[in-house]
There are 2 protein chains.
Amino acid sequence: MIQNNILDLLLETFPDKIDTQCYALEQHSKDESAHLPQTPLAVFYASSTQDVSQIATYCHHHKIPMSVFGAGTSVEGQSIPAKGSLCIDVSHMNNIIAVHADDQDCQVQAGLTRLELNNQLAKHGLFFPVDPGANASIGGMCATRASGTNAVKYGTMKHNVLGLTAVTAAGSIIHTGGRARKSAAGYDLTSLLIGSEGTLAIITEVTLKLQGLPENTAVAFVQFDALEPLIQLVISTLQMGVPIARIELLDEQGIRAVNQYSRLQVPEKHTLFLEFHGTDNAIMEQTQIVESAANDLGGTQFEWATHQEDKNRLWQARHNVLYAAKALIPNSVVWTTDVCVPIASLAACILDTHKDLQDTKLLSPIVGHVGDGNFHLLMVLPKDDPKIQEKAYHLNERLVQRALDYGGTSTGEHGIGKGKKHWLKAEHGDAVTLMKTIKSALDPLNLLGRGNIF
Amino acid sequence: MIQNNILDLLLETFPDKIDTQCYALEQHSKDESAHLPQTPLAVFYASSTQDVSQIATYCHHHKIPMSVFGAGTSVEGQSIPAKGSLCIDVSHMNNIIAVHADDQDCQVQAGLTRLELNNQLAKHGLFFPVDPGANASIGGMCATRASGTNAVKYGTMKHNVLGLTAVTAAGSIIHTGGRARKSAAGYDLTSLLIGSEGTLAIITEVTLKLQGLPENTAVAFVQFDALEPLIQLVISTLQMGVPIARIELLDEQGIRAVNQYSRLQVPEKHTLFLEFHGTDNAIMEQTQIVESAANDLGGTQFEWATHQEDKNRLWQARHNVLYAAKALIPNSVVWTTDVCVPIASLAACILDTHKDLQDTKLLSPIVGHVGDGNFHLLMVLPKDDPKIQEKAYHLNERLVQRALDYGGTSTGEHGIGKGKKHWLKAEHGDAVTLMKTIKSALDPLNLLGRGNIF
């Protein structure tokens with residue numbers, strides 16, 4: 001068998017780096033999505049950019065497709081290998097290469113996770129703001145153009161990466177961008193690779209823009225009986241130029257789930273979680289503006305988390321909503337959807353979706369990075385119930401169509417991956433031809449990230 | 001002659017849109033750089049995306065190279081046509097297509113200038129923050145990845161464009177990005193086209209992210225005898241997280257020029273111009289932090305511009321520095337250079353450059369968007385003195401090499417254009433191969449922006 005020949009050759013060429021044991025194959029067959037797992041041909045553990053270059057050169061020569069595995073936290077199947085792919089695991093590439101505190105930047109290997117990065121940065125008085133919830137790898141966050149809870153203030157990966165080291169389909173090492181805060185020198189290959197989901201090059205090192213740790217942080221929540229005034233508060237907050245750090249929606253159903261799971265006793269209403277960063281004075285002024293707008297719109301009194309442990313508990317509850325949702329139905333899976341619309345259409349889009357959920361009787365908390373117009377359904381589906389899963393599929397299709405109808409996008413932060421390929425053309429029309437032209441030009445053998453995006 | 005045949009055909013096919021008069025050819029032969037002018041074959045005045053699509057289809061069929069002209073304010077020769085090119089003038093495409101005040105975005109035609117845009121946005125309480133000084137067209141600002149004085153707070157074009165309509169080399173109309181604040185759907189073609197200097201597609205419409213007009217604005221300046229403490233103040237300001245809107249350097253020589261030209265009596269020292277945006281309280285707090293840091297570093301007292309006309313006069317003086325420099329030597333040209341380095345290296349890079357200026361006895365104010373590590377020399381060169389011009393050429397070469405040695409870029413905001421093509425490889429190494437692959441894939445006949453970047 002050809003496959004066995006390739007395997008033998010791989011083992012012979014890279015005896016210390018290749019793993020073909022069942023456990024390793026199984027571990028690298030899936031991500032955090034509900035997409036079908038697929039075991040790779042083998043797993044290659046890379047320790048350096050040079051390693052990745054070497055294996056890519058080898059794979060290119062032997063026409064072996066390549067997938068990349070960091071923390072395995074992707075949610076649209078991006079790290080699931082195509083059949084016959086070699087999985088390049090970069091999780092051992094988890095070092096900080098350099099921190100330039102005065103320049104507020106750092107260079108890291110792609111496999112470093114964001115929590116570990118922030119642990120290490122704290123001693124410099126710095127942090128990396130992009131927070132997708134999961135403890136993703138920095139390389140994976142680049143590949144999927146991740147964002148999360150505080151993109152409203154600090155931007156997404158697109159805004160926080162200064163440069164990349166990457167390995168091309170043929171194994172060449174390239175460096176994009178640099179350490180200058182801005183540059184007009186040539187094509188913005190950094191942005192092209194960010195969000196390319198492993199299909200154009202393998203990201204091995206990342207130069208990140210950092211932020212100074214805020215002098216203080218305040219966390220609060222406010223509740224509404226209806227969604228419209230809640231979204232109006234978000235719009236007003238943004239229009240008044242309040243530099244809010246996080247503004248997150250958890251709907252009534254989400255609060256119910258979180259209450260049960262995290263043993264909280266938050267009243268079960270649509271809830272905005274808010275976080276403010278800055279000096280004491282700046283925070284006081286910002287919160288007064290938002291609190292007064294919230295009162296005018298009929299929100300409840302702000303509830304403040306003043307102690308650090310209360311703040312952590314509140315955000316932990318928010319971050320745990322996935323597990324909380326899963327606990328609503330025993331033996332269930334959670335399908336996390338992801339759309340993003342212009343913010344003035346957010347209330348309408350969520351309300352339409354809410355109605356759709358009621359009509360279909362699907363159980364699903366709604367959570368949203370509402371400052372960006374981005375929200376997710378966490379559809380809780382009993383395992384082994386194909387009928388309900390089909391219902392969920394069709395609801396998701398309607399949700400994406402609705403987001404596009406409102407001038408939005410099929411995915412705000414999860415990516416196209418395996419699950420939204422059929423929406424790419426609907427969203428981008430003839431621009432998809434350009435994307436394909438670029439893909440074919442940079443990876444003519446279609447070896448990289450096969451099965452993602454296209 | 002072939003050229004005459006093409007011209008006749010063009011005139012026959014587009015009788016109302018083609019101009020071949022000397023005056024029009026001459027007007028479209030140059031930009032604001034010192035690069036040699038080149039007249040186009042003819043000028044095509046486009047009124048719509050469809051017009052551009054039609055002419056591009058025509059040019060593609062007849063293999064006629066195309067250049068684009070907006071406001072003609074580029075400073076590295078980007079709008080200078082390659083020999084035999086048809087110049088597509090988009091300056092008549094100057095309409096605002098839509099303003100979505102609640103979403104804080106708008107859609108405009110590429111030929112609209114930024115001052116006209118901001119005039120129109122004011123009634124919505126909104127503004128577009130990117131300010132390169134010149135009254136550039138929005139399409140040109142996209143094409144060159146422009147930034148300017150307040151990028152330190154609001155980012156560059158890369159951060160403020162949500163989507164584009166563009167016409168490909170073969171005449172197809174594509175739409176990139178969208179109106180959602182963020183998206184992870186497919187390749188970031190918007191960022192690829194931004195900064196591509198007309199070489200990948202012709203930008204015809206732009207969707208922009210807008211900002212609410214700040215409640216208040218405060219403008220001040222502070223002076224230093226030496227550059228190091230001035231730059232240290234910039235670094236401290238950024239590290240303390242002060243959301244400063246503008247922080248601009250004008251060196252001693254620059255102040256001298258501005259004093260003479262704008263009839264100011266500012267003491268002739270290295271000067272930081274500062275602008276703060278926000279509520280009165282926020283501004284007061286921010287200025288106290290920066291003022292106290294400035295005092296600690298031996299700066300002069302802050303001088304405040306409290307009246308709007310004083311603010312305008314101060315910024316006008318800063319914006320007029322190009323003309324002020326030119327006035328230092330009668331019958332001169334000004335060569336504006338542009339490099340950007342990581343901020344901790346900015347003082348050293350400027351000091352080395354200062355010494356180089358003294359050694360070569362070239363007259364040149366230094367201005368800088370120092371919050372980004374970006375600075376310019378405004379080398380004042382007597383016309384018709386090739387010896388001094390050669391000196392300036394070599395000084396610029398040393399400046400770029402120095403910026404790269406300090407981990408910076410050959411151009412922070414002016415682009416590669418015609419003047420820095422030989423630096424692209426030094427800065428980006430093998431990544432240039434990828435750029436060329438993309439160029440060849442999207443424009444195999446090399447019709448678009450010929451002579452820019454490569």
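**Labels and the values behind them**

Author: One place to begin is the end of a helix: α11(B) is followed by B:G298, whose phi is positive, near 85 degrees. The model is predicted, so local features need pLDDT of at least 70 and side-chain atom pairs count only at pLDDT 80 or more, while totals for chains, interfaces and linings use all residues. Residues are numbered from 1 along each chain as its sequence is written, and chains are lettered from A and ligands numbered from 1 in the order in which they are written.

Reader: How do you know that the span of α11(B) agrees with what a helix should have?

Author: Helices are DSSP runs of H or I with at least four residues, strands are runs of E with at least two, and both are numbered from the N terminus. The expected span of a helix is 1.5 Å times one less than its number of residues. For the 17 residues of α11(B) that gives 24 Å, and the end C-alpha atoms are 24 Å apart, so the two agree.

Reader: Which residues of α11(B) are called buried, and what makes them line one face?

Author: A residue is buried if 20 or more other C-beta atoms lie within 10 Å of its own, exposed if 12 or fewer, and partly exposed in between, with C-beta atoms placed from the backbone. In α11(B) the buried ones are B:A282, B:E285, B:Q286, B:V290, B:A293 and B:A294. Their directions fall within an arc of 165 degrees seen down the axis, so they line one face of the helix. The arc is that of the directions from the helix axis to the C-beta atoms. An α-helix has 3.6 residues a turn, so residues three or four places apart point the same way.

Reader: What is on the other side of α11(B), and what do its buried residues pack against?

Author: B:D280, B:Q288, B:S292 and B:D296 are exposed on the other side. The buried residues of α11(B) pack against α11 (280-296) of chain A, together with β12 (216-224), α9 and β14 (270-278) of chain B. Contact here means that the C-beta atoms of two residues, placed from the backbone, lie within 7 Å.

Reader: How many residues does the contact take from chain B and from chain A?

Author: The contact takes 75 residues from chain B and 76 residues from chain A. On the chain B side, α17(B) gives the most, with seven residues. That side divides into 29 nonpolar, 33 polar and 13 charged residues. Here Ala, Val, Leu, Ile, Met, Phe, Trp, Tyr, Cys and Pro count as nonpolar, Asp, Glu, Lys and Arg as charged, and the others, Gly among them, as polar.

Reader: Why does A:W304 count as partly exposed?

Author: A:W304 is in strand β15 (residues 303-305) of chain A. It has 15 C-beta neighbours inside 10 Å, and therefore counts as partly exposed. The C-alpha atoms of A:W304 and A:L274, 30 residues apart along the chain, are separated by 9.6 Å.

Reader: Why is B:H124 given the label partly exposed?

Author: B:H124 lies in the loop between α4 (114-121) and β7 (126-127) of chain B. Its count is 16 C-beta neighbours inside 10 Å, so partly exposed is the label for B:H124. Leaving aside neighbours within four places in sequence, B:H124 is in contact with B:V99 and B:A101. B:H124 and B:V99 are 25 residues apart in sequence and 8.6 Å apart in space, C-alpha to C-alpha.
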